[in-house]
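Colleague: Hi, could you walk me through this structure? I'm new to it.
Modeller: Happy to, just ask away.
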Amino acid sequence: MAVKMIVFATCLSSALAQYVVPAYPAAPTAYHLSPSYHVAPAYQVAPLYASAPAYQVAPAKAYVPVEPTNAPTPYSFVYSVNDPTTYDVKSQAESSDGNGNVKGFYSLLEADGSTRTVEYTADDYSGFNAVVKKEGGYASAAYKPAAAAPYKPY
């Protein structure tokens with residue numbers, strides 16, 4: 001431990017021996033007094049003017065938002081996908097008369113081999129209505145519990 005202290009003291013003394021204290025100029029012996037100012041001049045009071053005429057505010061008009069008027073725009077579209085690589089099979093068709101009445105359907109091939117078909121209509125009176133149908137698919141075997149093994153004593 002003593003060796004560590006001696007090495008530390010040697011390093012510290014060599015580092016301090018290389019440090020040179022900068023020489024600062026001496027502080028002035030006398031400071032100047034702050035300058036004196038003259039007394040501010042007296043100003044005259046501003047003359048009085050006649051007041052401005054009263055501003056008459058017009059009564060506010062009631063705000064009526066303007067609704068945009070768009071002509072009915074009927075549309076119709078159909079698309080279909082049949083990709084044998086990914087087994088992505090689906091289709092959709094939809095049409096509208098432009099007055100808020102929409103009819104359409106879509107179908108897709110489910111993972112179990114069945115086809116899900118959704119036929120839908122939408123209008124302002126009855127809202128959105130859909131009928132879902134599922135057709136086909138793989139038949140699954142009926143569940144049959146395994147018979148219990150008979151007890152065999154040793």
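Colleague: Is Phe8 buried or exposed?
Modeller: Phe8 is exposed, at a relative accessible area of 53%. Here buried means under 20% relative accessible area, exposed over 50%, and partly exposed in between, using a 1.4 Å probe and protein chains only. This is a predicted model, where local features need pLDDT of at least 70, side-chain atom pairs count only at pLDDT 80 or more, and totals for chains, interfaces and linings use all residues. Residues are numbered from 1 along each chain as its sequence is written, and side-chain values use heavy atoms, with hydrogens and water left out.

Colleague: Thanks! Which element holds Phe8?
Modeller: Phe8 sits in helix H1, residues 2-17. Helices (H or I, at least four residues) and strands (E, at least two) are DSSP runs, numbered from the N terminus.

Colleague: And how many residues of H1 are buried?
Modeller: Of its 16 residues, zero are buried, so H1 lies largely in the open.

Colleague: What does UniProt list for residues 1-17?
Modeller: The unreviewed UniProt entry lists them as "signal peptide". UniProt positions are in the numbering used here, feature names are shortened, and annotations may be inferred rather than shown by experiment. In the model, residues 1-17 are 94% helix and 0% strand.

Colleague: Which residue pairs with Arg116?
Modeller: Glu110 does, with the closest N and O atoms 2.7 Å apart. Arg116 is partly exposed at 30% relative accessible area, and Glu110 is partly exposed at 23%.

Colleague: Where do Asp112 and Lys134 lie?
Modeller: Their side chains meet in a salt bridge at 3.6 Å, N to O. Asp112 lies in the loop between strand S3 (102-109) and strand S4 (114-123), and Lys134 in strand S5 (residues 127-136), so the pair ties together parts that are 22 residues apart in sequence. Lys134 is exposed, at 56% relative accessible area.

Colleague: And what does Lys133 meet?
Modeller: Its side chain meets that of Glu119 in a salt bridge, at 3.9 Å from N to O. This pair links distant parts of the chain, with Lys133 in strand S5 and Glu119 in strand S4, 14 residues apart.

Colleague: Last one: what's the phi of Tyr87?
Modeller: Tyr87 has a positive phi of about 60°, although it is not a glycine. Tyr87 is in the loop between strand S1 (75-83) and strand S2 (88-96), and it is exposed, with a relative accessible area of 64%.

Key
Salt bridge = Lys/Arg side-chain N within 4 Å of Asp/Glu carboxyl O.
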